[in-house]
Amino acid sequence: MNTKLKKWMGIFCMAAAPAAMAQPAPACPDRNVQYWQAFPPGGESDLSARHQQVVLKKKCPVVDTIIQYKAGAGGGLMWGQMNSLPGDGLNVVGINLPHIVFQPIEGEVQYKTADIVPVFWFHYTPDVLVVPEKSPIKTFADFIAAAKKNPGKLNLGGSGLNSANHAAHERLNAAFGIKSTYVPYKGTGDMSMAVIGSQVDGAVTYTPFAISNKGRVRPLAVAMEKRHPLMPDVPTFKELGVDWVDGAYRGIGVPKSTPPEARKRLSDLWAALNSDPEMKELAAKNGFELISVGTDQMDAFMKERIALYTEGARRLGLGKK
């Protein structure tokens with residue numbers, strides 16, 4: 001898993017900059033863009049959309065990006081309805097991996113992975129374990145000791161069921177031989193107050209949450225190759241003895257009825273947003289690791305991700321009831 005992730009990241013880093021310099025500016029939409037979010041306001045998906053809204057306005061001044069929310073079922077409500085939207089190239093939906101693979105395997109949503117049409121994946125957010133700032137747990141060693149002393153008593157929040165956070169929670173338990181309890185929320189925004197207010201003992205979440213809540217939560221470990229530059233005192237899981245470099249991908253999808261040429265225009269436009277210096281600065285400040293997977297690379301990327309997450313779902317026991 002880690003080797004493949006690094007391979008993809010390396011390819012994108014080497015290829016993206018020269019291609020972006022050589023390509024002409026992408027065509028702007030001829031009307032406003034309806035940008036549908038599968039999670040409530042306040043989480044990483046919403047923050048990403050807000051960044052893109054700002055940069056798209058700069059590139060296409062006459063176009064507004066109208067962000068709309070249809071949250072529920074860990075994103076599954078929106079994804080189950082996205083093919084009912086007009087396929088006009090103006091309706092885009094925020095999508096997430098591994099969610100769109102895990103959820104259909106579990107079988108409690110009204111869509112299949114094949115129903116989702118991704119046109120661009122724009123970033124990756126690493127997993128991180130956090131506790132409230134006021135928690136008596138000060139280090140990862142403290143966390144493990146507390147979990148082993150009282151199996152099942154530690155409650156860890158996360159965004160959604162059968163999501164990247166849920167998978168990371170199960171991985172945490174298995175990797176370190178502990179038992180903690182997962183508490184799902186509709187999204188990171190809903191989860192944040194519970195963690196900050198110590199209604200749960202901590203959360204398995206993403207780096208942007210830890211960075212944006214500095215001084216209110218305490219990160220204990222991060223799933224990256226190297227320590228995050230904005231969290232230099234936080235060890236990686238690799239330093240703690242587990243080869244864990246993982247997180248969630250975010251991108252945009254469109255209704256199946258969207259013509260191929262419209263899919264390509266959106267892919268090129270989002271690639272231009274990703275290569276903009278302002279977007280790079282916003283991503284770096286907020287803990288997002290930018291990638292650029294467009295329509296040209298999509299089939300190979302999705303084939304690899306689906307195989308990887310299907311294997312992971314078997315390890316997690318998803319769909320076995």
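## An exposed lysine

Lysine 149 is exposed, at 68% relative accessible area (exposed is over 50%, buried under 20%, partly exposed in between, with a 1.4 Å probe and protein chains only). This lysine sits in helix 5, residues 140–149 (helices are DSSP runs of H or I with at least four residues, strands are E runs of at least two, numbered from the N terminus). Lysine 149 and alanine 27 lie 59 Å apart, C-alpha to C-alpha, and 122 residues apart in sequence.

## About the model

This is a predicted model, where local features need pLDDT of at least 70, side-chain atom pairs count only at pLDDT 80 or more, and totals for chains, interfaces and linings use all residues. Residues are numbered from 1 along each chain as its sequence is written, and side-chain values use heavy atoms, without hydrogens and water.

## Salt bridges

The structure holds 15 salt bridges (a side-chain nitrogen of Lys or Arg within 4 Å of a carboxyl oxygen of Asp or Glu). One of them joins lysine 58 and glutamate 278 at 3.2 Å, N to O. The pair links helix 2 to helix 10 (residues 277–286), across 220 residues. Lysine 58 is partly exposed at 44%. Glutamate 278 is also partly exposed, at 28%.

Glutamate 133 meets arginine 218 at 3.5 Å, N to O. Glutamate 133 lies in the loop between strand 4 (117–132) and helix 5, while arginine 218 is in strand 8 (residues 217–222). Glutamate 133 is partly exposed at 33% relative accessibility. Arginine 218 is buried at 13%.
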